[in-house]
Amino acid sequence: MFEPRRQHPVAGLTQLLHILKENWITLLILFFVGTGSESAWGIYAVLGFTVLSAVGGVISWWRFTYQVEDGELQIKQGIFVRKQLYLSRERIQVIDISAGLVQRVFDLVSVEVKTAGSTSKEAKIDAITRTEAERLKRLLRSEELPKEDEAVKSETSKTYKIGIKELFLAAFTSGNFGVTLSIVGGAFSQIDQVIDEDRMLRFFEWLIPASVGVGLVFTTLLFVVIISWLFSIFGTLIKYYDFTLTVKDDALLIKRGLFEQKQLTIPFDRIQAIQIKEELLREPFGYASIVLESAGYADQQQSLNSTTLYPFLKKVEVQQFIQQVIPEYNACVEPVNPPFVALRRYLLRMVWVSLIVIVPAWIFVPYGVYSLFLLIPALIIGYAQYRDAEIGISGDTMMVQWRLLSRKAAIVRKHRIQSAETKVNPFQRRLGLMNYTLTVASGSGGRTFAIRELEKETGNQFLEWISPASTKQKESFDTDQNSIID
Amino acid sequence: MREKLIWLTNGFHSPGSTFDFKGMINSQKEQQTLPSASKKAWRINNSLWSLPIWLVPGYVGFLYVFNAEVSIWILLLTVIGAIFLTALFVFLLPEIRWKRWKYRVDEHEIDLEHGIFIIRRTLIPVKRVQHVDTRQGPILRSYNLGDVVISTAATTHKIPALSEPTADQVRSEISTFARKAKDDV
């Protein structure tokens with residue numbers, strides 16, 4: 001009675017959009033690189049790619065069938081390689097029905113079926129009608145589960161929702177410049193092929209009248225920064241619109257998004273570490289965001305490794321928040337800092353880094369010698385890096401804080417640490433310093449947290465702390481056990 | 001209190017002998033070094049890798065023979081440079097690398113220490129180990145050596161160039177410890 005069915009043909013379209021979205025950076029590069037003054041092969045390349053993807057989308061729609069038989073969801077898909085996925089009703093844990101932008105236009109939904117276990121299989125039906133989705137859900141739901149679910153939800157869930165004021169503040173302070181800056185910069189480098197320089201100069205003079213003497217470079221830079229900032233603002237608004245975090249008994253539930261509402265479920269036992277990030281623009285105002293690292297729960301759309309747990313929060317409220325949401329990560333540590341001798345290595349490093357910019361600028365750019373002034377912020381950052389480097393433990397929890405540009409702190413539980421490492425280079429050996437690195441699992445790979453220039457004894461202590469043996473002899477932790485490296 | 005097991009000292013070289021792990025859980029507490037045969041294997045390996053260095057004096061020599069504009073001093077200089085680098089790669093680096101490599105495996109953790117300029121010490125809780133392999137390339141095989149590769153959920157680590165029986169020992173020891181540690185919890 002349950003024939004194999006196809007999705008709504010719109011699935012072909014969503015497939016196409018998905019491919020384009022996956023490859024947008026490549027396409028952008030192709031477009032800009034290939035669109036020179038005389039030939040325009042880039043446009044053809046992009047067009048060709050789009051057409052191919054469209055054909056691919058249609059074929060993959062045609063080749064995708066699903067059916068429910070004996071309480072088992074069977075999905076067959078794949079253009080060249082046929083993949084068959086069988087999910088029995090007992091193993092299905094979550095059935096997510098959601099609607100993206102495209103789906104909403106055509107009044108359709110997408111259905112995601114997730115199972116638990118270490119080999120977390122996952123199936124997604126991209127575009128079907130809502131009634132069809134409900135039918136599937138009825139067929140696949142085991143009888144007892146849903147009621148239990150409802151009961152849990154109504155009883156013990158706490159909810160945190162981002163306010164509209166917070167959202168806008170978050171957007172305006174989002175420091176997500178890096179990516180957008182490079183895109184806008186790339187676009188700008190192509191502009192002179194469209195508009196000739198004289199006209200552009202006049203445009204800027206019109207835009208910023210006072211800047212006539214300041215020079216084109218500076219105004220262009222300012223313009224690029226402002227546009228990237230706008231991109232970043234809108235990006236954040238769209239991404240975190242209606243951000244809702246629900247704390248359940250065994251999992252965290254995150255909902256967010258303006259056009260495409262995303263929904264993530266993160267079981268507590270998948271959490272590997274949390275990070276507190278004070279982005280550059282947020283730090284002066286005392287705001288931070290909290291990010292979760294989780295592993296072993298693959299999600300096709302967004303590989304679930306780093307997830308924003310809460311996008312915008314007062315720094316002073318962070319601890320309280322952690323206590324309420326994931327109390328086992330709330331640790332009061334007495335941190336250790338790098339010793340004073342480390343300061344000069346922090347400063348020197350920033351000098352080298354800034355020289356990478358200064359020397360070429362000095363040689364190749366007119367007035368490039370003024371880039372020597374970059375040394376001042378570089379040294380300030382170097383000092384801040386030294387001052388903010390901290391590491392500490394309390395029971396089974398470790399806190400590591402470091403700064404590259406923005407200040408970040410990671411909180412890690414001992415039994416989640418995959419490995420720890422100390423590194424000593426010859427210069428550090430002379431000063432008795434070492435770098436310390438921790439790795440936790442994240443997504444299908446790992447994430448490392450590192451702190452530089454710790455005192456050798458401190459580094460060794462924290463290295464040996466991760467050993468399960470150290471739990472058993474906790475009292476001897478403070479005594480000197482660091483003779484092994486000598 | 002620290003005891004070294006006989007089968008992991010250099011005396012153990014009988015291939016094919018099997019081991020019973022019962023009662024051995026409190027094994028190595030001391031850092032082990034690599035067999036000295038590993039130096040030989042690395043020397044061969046590094047001399048293969050340093051062959052491209054000789055492309056430079058080769059090219060200069062070619063110019064010198066067919067195009068008189070290159071002086072003999074430049075040729076000599078490149079030859080000396082190539083000899084120096086090759087000596088460094090073939091003789092010095094394997095020696096330092098071998099001297100620095102130490103490892104220790106016990107029921108709690110794997111402790112690796114190595115590095116030529118930058119000395120790294122890595123600790124891997126045995127409980128986190130997902131799988132252990134032994135691997136062997138053609139050069140290692142000719143010296144009856146093998147790498148032990150340890151994978152966790154996030155990282156992979158290598159104990160290089162152990163003698164075949166030791167490699168097998170270490171591998172099965174780690175996997176026994178890992179299984180036992182997981183059962184404990």
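How much area is buried between chain B and chain A, and what share of it do carbon and sulfur atoms give? The buried area is about 2100 Å², and carbon and sulfur atoms give 54% of it; the term stands for the accessible area (1.4 Å probe) that two parts lose on being put together, summed over both. This is a predicted model, in which local features need pLDDT of at least 70 and side-chain atom pairs count only at pLDDT 80 or more, while totals for chains, interfaces and linings use all residues. Residues are numbered from 1 along each chain as its sequence is written, chains are lettered from A and ligands numbered from 1 in the order in which they are written, and side-chain values use heavy atoms, with hydrogens and water left out.

**Interface of chain B and chain A**

- Chain A puts 29 residues into the contact and chain B puts in 20 residues, where contact means heavy atoms within 4.5 Å.
- Two salt bridges are counted between the chains (a side-chain nitrogen of Lys or Arg within 4 Å of a carboxyl oxygen of Asp or Glu).
- One of these salt bridges joins the side chains of Arg121(B) and Glu464(A), at 3.2 Å from N to O.
- On the side of chain B that touches chain A, the elements giving two or more residues are strand 3 (109-114) and strand 4 (119-125) of chain B; helices (H or I, at least four residues) and strands (E, at least two) are DSSP runs, numbered from the N terminus.
- Strand 4 of chain B gives the most to this side, with seven residues.

**Strand pairing between the chains**

- Strand 4 of chain B and strand 18 (residues 417-424) of chain A run antiparallel and are joined by five bridges; two strands pair if DSSP finds at least two bridges between them.
- Within this region, Glu421(A) has Thr122(B), in strand 4 of chain B, as its bridge partner.

**Sheet in chain A**

- Six strands of chain A form an open sheet in the order 14-13-12-17-16-15, with antiparallel pairing.
- Strand 14 (306-314) and strand 15 (390-394) of chain A stand at the edges with a single partner strand each, so one side of each has no neighbour in the sheet.
- From one strand to the next, the twist averages 15° (axes are lines fitted to C-alpha atoms, for helices over the stretch in contact, and angles run from 0 to 180 degrees between N-to-C directions).
- Strand 15 of chain A is joined by five bridges to strand 16 (residues 397-403) of chain A, and the two run antiparallel.
- Gly392(A) has Met399(A), in strand 16 of chain A, as its bridge partner.

**Helices on the sheet**

- Helix 11 (residues 315-325) of chain A packs on the sheet, and its direction makes about 125° with that of strand 14 of chain A.
- Helix 13 (residues 375-388) of chain A lies across strand 15, strand 16 and strand 17 of chain A, at about 170° to strand 16 of chain A.
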